[in-house]
Amino acid sequence: MLAAYFQSLGLFNPEEITEIVQLFEFRRLSKNDYFVKENQPCNEVAFIASGIFRSYYTTSSAEDVTYCFRFPNSLIAAYSSFITGGPSVETMQALSPAELWVIKKSAIDKLAAESLVWTKYLKMIAEQQYLELEKRIFQLQKETALQRYTVLLRDQPEFVQQIPLQYLASYLGITQRHLSRIRSEITF
């Protein structure tokens, strides 16, 4: 699965992919385990082989706000902490049992120093992160909760039903009661 991910990018040759994959270590997380915790540095990146994650931050009034979900075949990291080496402003929690392929920041830094192709890959990841952030901002400012929920259902139909309602409601910026009304309006 990890090799297929790198192959799909069209950047790396088969030998490079083999070398890269060997730098990852397999890790299992149980439901509710954390990949990264707020106020701790993020020194690794993971490829999600299975499982669902939520990213959230804690407000000054101690409320958890879910702002992102991550699904299989995607990368997960507290990106700003990973870049700066500072403490994470977010927590990443497994919402289901999860299987990850994890690589340390030191290995990524070494690859970037030795390979122009790897530097191109890191640029591509940074651009994807920016586009996701921009999309999320525009969703919150331009779309209704119903529209945001419909997009989530369209993009991740097999996983949405596994996400607890309180996290979905937080992600959509609405109450659980409002989410229940929205769900009753949608027919399949």
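I started with Asn-39, which sits in the loop between strand E2 (34–36) and strand E3 (44–50). Strands (E, at least two residues) and helices (H or I, at least four) are DSSP runs, numbered from the N terminus.

I am working on a predicted model, where local features need pLDDT of at least 70, side-chain atom pairs count only at pLDDT 80 or more, and totals for chains, interfaces and linings use all residues. Residues are numbered from 1 along each chain as its sequence is written, and side-chain values use heavy atoms, with hydrogens and water left out.

I looked up the backbone of Asn-39. Its phi is near 75°, a positive value in a residue other than glycine. Asn-39 counts as exposed because its relative accessibility is 60%. Exposed means over 50% relative accessible area, buried under 20%, partly exposed in between (1.4 Å probe, protein chains only).

I then went to Ala-62, in the loop between strand E4 (53–58) and strand E5 (64–70). Phi is positive here too, near 65°. At 62% relative accessibility, Ala-62 is exposed.

I checked the record. An unreviewed UniProt entry annotates residues 5–111 as "domain: Cyclic nucleotide-binding". UniProt positions are given in the numbering used here, feature names are shortened, and annotations may be inferred rather than shown by experiment. In the model, that span is 23% helix and 38% strand, and its end C-alpha atoms lie 17 Å apart.

Last, I took Ile-174, in the loop between helix H8 (165–172) and helix H9 (176–185). Ile-174 counts as buried because its relative accessibility is 16%. Leaving out residues up to four places away in sequence, Ile-174 touches Ala-145, Ala-169, Leu-179 and Ile-182. Contact means heavy atoms within 4.5 Å.
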